[in-house]
2 protein chains.
Amino acid sequence: MQGTAEPAHGAGVIDVLREALGTDVVSLPAEFSGRRHADSSRMPCAEPVALLRPRTTEQVATALRICHEHGQPVVTQGGLSGLAGGACLLGGEVALSLELMNAIEEIDPVSATMTVQAGVPLQSVQEAAAAAGFMFPLDLGARGSATIGGNLATNAGGNRVIRYGMMREQALDIEAVLADGSVIGGRRKMIKNNTGYDLRNLLIGSEGTLGVITRAVLRLRSKSHAVSTAWCGVPDYESVTALLRMAQERLPAGVSAFEVMWPGYYDFVLSRLPELRAPLTGRHAFYVLLESSGADSVSQNAAFEAFLADMLEAGTLGDAALAATEAHAAAFWAIRDAPGEYGRLIPGRVSFDVSFSIADVGEAARRCDERLRAQWPDAHILIYGHLGDGNLHIVVQQPDWPASAAAEVKLVVYGVTAEMNGSVSAEHGIGTKKLDVLALSRSPAELATMRALKAALDPRGILNPGKLFAS
Amino acid sequence: MQGTAEPAHGAGVIDVLREALGTDVVSLPAEFSGRRHADSSRMPCAEPVALLRPRTTEQVATALRICHEHGQPVVTQGGLSGLAGGACLLGGEVALSLELMNAIEEIDPVSATMTVQAGVPLQSVQEAAAAAGFMFPLDLGARGSATIGGNLATNAGGNRVIRYGMMREQALDIEAVLADGSVIGGRRKMIKNNTGYDLRNLLIGSEGTLGVITRAVLRLRSKSHAVSTAWCGVPDYESVTALLRMAQERLPAGVSAFEVMWPGYYDFVLSRLPELRAPLTGRHAFYVLLESSGADSVSQNAAFEAFLADMLEAGTLGDAALAATEAHAAAFWAIRDAPGEYGRLIPGRVSFDVSFSIADVGEAARRCDERLRAQWPDAHILIYGHLGDGNLHIVVQQPDWPASAAAEVKLVVYGVTAEMNGSVSAEHGIGTKKLDVLALSRSPAELATMRALKAALDPRGILNPGKLFAS
């Protein structure tokens, strides 16, 4: 990297921006007081020196060209639902919000694509897709506020990755403005396009450090007319992975969700949220929410039931409850979605979003649980995740902890992650929150390569400095 | 780009390579005379100044470090089945063949992964996956010679992209040696891993210009126990796209192939290859090979038949033949696979591999056909492709053509590609063959960005110079 430019905040650059873009696009601190700037990571966040709210890609390009010339740092912001601090400000930056670039520009039903501006919320895309007879598969709790641009910048995951992939699999093309104001990509709807380097995937997941994503051509999928859902009690981890493998091989419509919950999680949320009801009697070593979504409800449901019966017969399942109605299925999902209540239930928690090979997830969870329990016998240790993707969420909390405990908990969980060749961030990204552990999942050669790419595309280091890499 | 290094062939660097790696790894021209160096593109190809056949990643790293120091150009070679000249030599390069790095290192049935060296042929991977109870979905005609490394370097496509994606979707991780000999990536089996820039996708499809791919962790899929196949006659293009959409929405196992053939292709191959038999009587505006692959043959076949009956009833299909046996299905595929006989059937042909949005494919084909026919009324014009991916193959030939005709044919087809915002290379890549048309599918800002990335990762320009970019 050729060195991060010194922040040049103060009169000069902001005046130039206001002159070029107008005062409706560029506001000063006095004009946006009280506005929220922090994302959902609970990381510290400064005030921006100015707020830019462009309406067009051309305005974004003008803004970046000026900031590039002046070495003015820029933090791009979407729905502020990120969990890693990627959209927080460290001080001296302008905030570039895409909130006014929220148009759904086109739905092409023959090509099964939707072209949108980056500031459109995820839920609007889902609803527009449904209204057009399609489905947009990415889904996550913050769907109402998270924007497509933020989903792309962080390569968002969620519950349906096992079937449809991460956000990077949902975009056929993206338009992005680079640090110097040049614009790449845009409106291509091709599924296959082998014409040089994959700039799209380089920008996706780069957390605002390589460019500002302004537009995307999203891929729409066929609606699932039939959803089969079961709540499963499973006797051991080998049976969990066997169930996954058999379900993928034998269910006619495949597996659209395979969410695994360890008993510590299950017992905790059932005991704390009185509206939840246990789908099964008896305790099990693991709980699995299994879902299969396809075209034809009659044959699919019959096959789903027959599959569960076979798995019970074989002992792979200890017990299972089939959702007979949508309300049943929603009740199962409510148990898995309980983390939406964490803010109220477990303040002061330490949360992890790690991943391993599917073969290693069970052992990784066992080691984390064992070592955490040895050190903090009374802590709540909640483990659950999208097992089909190897993605484990771990939440640890003890009411009377000193502030120093978080660092010690991280040592344990990231220690296991490093020793089992896992990833310190499966789906939330690095931002500022995981800067200090990125090197556990990336080699020095990989980090040097990332820095070389950053220097090539943003030589003055104006885009989201201090994120992903320490600046 | 900081400028391509002058080729430093001659005594110095080759001696250093032989000294460091041994004469069994580094051979001189006299030691490999008669060996084939050209790929399958029919582009010109020079002799290498030396042939490197490393056995380990460390040897590849040593070789590149030395070549980097000496500014010695390197062309990486796999199975030499490429169609764009990406593995051909322009003169002065060493050839780096990965043929001895062909081990299947591990199959992990729980994680559903296979770890391989880059030189292993695609067919070996397919067979090893099948023997382990899985399926590796990438498939193309050159499966016996094409290597996984070459598939990755060119982001290979083929017949099953509609369901499983391109080669980039089949690799969870790749190991690659960069120009300076540093090694990135390797053995991660995680499906989700948001830890910084997507180096994997940057290397995949970069045609040997950014690094040498040495190892991959491949993702295995569940075996399809049941395959339903139909040959369809379709009355118009609107019905072709309606059939695709309805099949994706209604077939319980989805669509695993949707191959469309225009009558000019169909009539030509049926008339020239006596072993082919027409699956349907009567002529149709379009022929579609429709395949659905899933878990359960009984319910799937019933749904497939019912779907075809509905489409016939609605007039979306003019006629359809269901493959009752595997031999029937193979006979349908033989019609689609006739391009394997092109070498014998249509010498001197001009071939295209372009893509469009699915909505535009019909009109693009119509324009190409109309304009080609106006200029060359007697030419064979064969049009067919993976329509579900927007990928069109066009082959044009007239027996008595002068050598200059090829350039004129290209003007027509790439003219349509440019005016309809298509891609000049859907799946074959750019290599040297499409250098002159890359700018029709990539903007000046995109090309500048690619050059900046190339300069960042290969500052001396030793990796496959003259490919992808004119050097």
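Predicted model: local features only at pLDDT ≥ 70, side-chain atom pairs only at ≥ 80, totals over all residues.
Residues are numbered from 1 along each chain as its sequence is written, and chains are lettered from A and ligands numbered from 1 in the order in which they are written.

Helices (H or I, at least four residues) and strands (E, at least two) are DSSP runs numbered from the N terminus. In α7(B), the buried residues are Tyr237(B), Ser239(B), Val240(B), Thr241(B), Leu243(B), Leu244(B), Ala247(B) and Glu249(B). The expected span of a helix is 1.5 Å times one less than its number of residues. For the 14 residues of helix α7 (residues 237-250) of chain B this gives 20 Å, which agrees with the 20 Å between its end C-alpha atoms.

## The interface of chains A and B

The size of an interface is often given as the accessible area lost when the parts come together. Buried area here is the accessible area (1.4 Å probe) that two parts lose on being put together, summed over both. Chain A and chain B bury about 6700 Å² between them, and 56% of this lies on carbon and sulfur atoms. On the side of chain A, Lys192(A), Asn194(A) and Tyr197(A) lose the most area to chain B, together 16% of what that side buries. With contact taken as heavy atoms within 4.5 Å, 87 residues from chain A and 87 residues from chain B take part.

A polar contact is a pair of N or O atoms within 3.5 Å; within protein, one must be able to donate a hydrogen and the other to accept it, and residues adjacent in sequence count only if both atoms are side-chain atoms. Between chain A and chain B, 47 residue pairs are in polar contact, both residues being at pLDDT 80 or more. Elements of chain A that each supply at least two residues to the side touching chain B include α7 (237-250), α12 (358-375) and α15 (444-457). Of these, α15(A) gives the most, with nine residues.

## Salt bridges between the chains

Side chains of opposite charge can pair when their charged atoms come close. A salt bridge is a side-chain nitrogen of Lys or Arg within 4 Å of a carboxyl oxygen of Asp or Glu. The whole structure holds 56 salt bridges over all chains, and eight are found across the interface of chain A and chain B.

Lys192(B) and Glu427(A) form a salt bridge at 2.7 Å, N to O. Lys192(B) is buried, with a relative accessible area of 0%, and Glu427(A) is buried at 10%.

## Salt bridges within a chain

Arg215(B) and Glu175(B) meet in a salt bridge at 2.9 Å, N to O. This pair links distant parts of the chain, 40 residues apart: Arg215(B) lies in strand β10 (residues 211-219) and Glu175(B) in strand β8 (residues 171-178) of chain B. Arg215(B) counts as buried at 7% relative accessibility, and Glu175(B) is buried at 7%.

In chain A, Arg366(A) forms a salt bridge with Glu370(A), their closest N and O atoms being 2.8 Å apart. The two residues are separated by about one helical turn because they are four residues apart in helix α12 of chain A. Arg366(A) is partly exposed, with a relative accessible area of 41%, and Glu370(A) is partly exposed at 46%.

How values were computed: Heavy atoms only, no water. Buried < 20%, exposed > 50% of the residue type's maximum accessible area, 1.4 Å probe, protein only.
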